[in-house]
Amino acid sequence: MKVPFSYQTLLRAYPDRESAIAFYKKHHTTYCPDCNEVLHNPLRKTDPLLLRCPDCGRTASIFTGTIFQGTRADIRYWLYIGCLFYYCKQHLQQIPDRRLLSIQSIKRAIGATSDQTISRIYKTLKKLFESTEIDDINFCKLIFKPFLEELCPQGLLLTHTGEIR
Ligand SMILES: [Zn+2]
């Protein structure tokens with residue numbers, strides 16, 4: 001089988017990390033850990049990840065409490081691999097195992113990146129997509145559903161009968 005979108009498609013839509021982070025911020029709301037205020041304003045102009053609470057001054061990362069917490073990898077790797085999982089789960093009705101979608105094939109699709117990075121992202125996302133916790137299911141829908149829809153028009157998804165290589 002073949003997935004109906006490529007990493008190159010993603011790079012055309014999101015040519016830098018900042019544009020991918022902007023997508024994430026559009027779909028994921030960060031709250032102040034102290035006063036629960038919705039956070040919008042970055043602490044520093046140069047760092048889109050850290051937001052500052054206008055009320056109490058506390059800072060929070062947009063990744064806190066999510067699977068992205070503590071990651072130093074390009075968020076576009078996460079979004080691409082998450083999108084593959086979402087596609088397989090929704091449209092092929094299965095979580096890809098390594099025979100269907102291997103870490104090696106993802107590495108090839110993305111280009112030169114460490115095995116360790118891709119393997120860690122793959123395992124974390126596999127666990128997320130296999131989870132039956134409502135928060136995990138909602139997170140997948142919130143982030144990877146709209147991302148997949150942007151990468152791949154709905155009509156194409158429905159008619160696609162290719163193979164994942
Ligand atoms: Zn606050």
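**Ground rules.** I numbered residues from 1 along each chain as its sequence is written. In this predicted model, local features need pLDDT of at least 70 and side-chain atom pairs count only at pLDDT 80 or more, while totals for chains, interfaces and linings use all residues.

**Domains.** I found domain 1 (7-23 + 71-159) and domain 2 (29-61); the bounds come from an automatic or database domain assignment. Their C-alpha centres lie 26 Å apart.

**Helix α5.** I took helices as DSSP runs (H or I, at least four residues), numbered from the N terminus. Helix α5 covers residues 115-130, and its first and last C-alpha are 22 Å apart, close to the 22 Å expected; the expected span is 1.5 Å times one less than the number of residues. I looked up burial next (buried: 20 or more other C-beta atoms within 10 Å of its own; exposed: 12 or fewer; partly exposed in between; C-beta atoms placed from the backbone). Ile-121, Tyr-122 and Leu-125 of α5 are buried. The buried residues fall within an arc of 100° seen down the axis of α5, so they line one face of the helix; the arc is that of the directions from the helix axis to the C-beta atoms. On the other side of α5, the exposed residues are Asp-115, Gln-116, Lys-123, Lys-127 and Glu-130.

**Helix α6.** I noted a kink of about 30° at Phe-144 in α6, shortly before Pro-146; the bend is the angle between axes fitted to the seven residues ending there and the seven starting there. Buried residues of α6 include Phe-139, Cys-140, Ile-143 and Phe-144.

Methods: Helix = DSSP H or I, 4+ residues; strand = E, 2+ residues; numbered from the N terminus.
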